[in-house]
Amino acid sequence: MPSSTVTAQLPSKDEVTCFPGELTLSSLSYKEITAPRRPGIARTGGDYSLRGKVTDRLILFIDYQNVYKGARSCFYSQLHPPHTAGQVSPLVLGQHLVRSSPYDRELAQVRVYRGRPDSTKDPKGYGACTRQVAAWERSDRVVTALRTLRYPYGWPERSGEKPQEKGIDVALAVDFVRLASRRSTTSGS
């Protein structure tokens, strides 16, 4: 069965027009940000064959920190919104993308990449992250890739410096290429 892969990352605030309950990309249409596909034509090992209606299997890749920050800046105007403002359910986001697609698609998997606080340096943050990931993984379609945050020397006494995610983008890119190449070799089977 052919696969389509979409990477979700909210655009910067200048690229988005926000209305209550609605997110509109001002410069791109849905067809411009998804892989092109002609309905009714399936790809099988480099050859095209007509097989009637084909359902694409979608794998959604999410850099969670970028989605979270984008949702906060778009939907919450106050200077310091609560930490829960901007929380997004990766599975619900994936289901929304599939439902709003003009093509016949099935959500095969949602892959979430995010930083995880260190349990010894930030036990409260670590516990919150663990609970959030456990809630996401209740669905067998959600897979998480976590990397421990990198803390600046002398943290938390050194004010102004926050822990940073390192390697999330690389992990997402490597998995994207690995899964895309595996699916292209098995798509006719």
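R111 sits in strand β7. This is a predicted model, where local features need pLDDT of at least 70, side-chain atom pairs count only at pLDDT 80 or more, and totals for chains, interfaces and linings use all residues. Residues are numbered from 1 along each chain as its sequence is written, and side-chain values use heavy atoms, with hydrogens and water left out.

Is R111 buried or exposed? R111 counts as buried because its relative accessibility is 10%; the term means under 20% relative accessible area, with exposed over 50% and partly exposed in between (1.4 Å probe, protein chains only). Its side chain makes a polar contact with the side chain of Y113 at 3.1 Å. Such a contact is a pair of N or O atoms within 3.5 Å; within protein, one must be able to donate a hydrogen and the other to accept it, and residues adjacent in sequence count only if both atoms are side-chain atoms. Leaving aside residues up to four places away in sequence, R111 touches I59, L60, F61, I62, V143, D175, R178 and L179 (contact: heavy atoms within 4.5 Å).

The buried residues of α4 are G125, G127, C129, Q132, V133 and W136. Helix α4 runs over residues 123–136.

Now the whole chain. It holds 5 helices and 8 strands, where helices (H or I, at least four residues) and strands (E, at least two) are DSSP runs, numbered from the N terminus. Their order is β-β-β-α-β-β-β-α-α-β-α-β-α. Of the 189 residues, 33% are buried.

Terms used: The expected span of a helix is 1.5 Å times one less than its number of residues.
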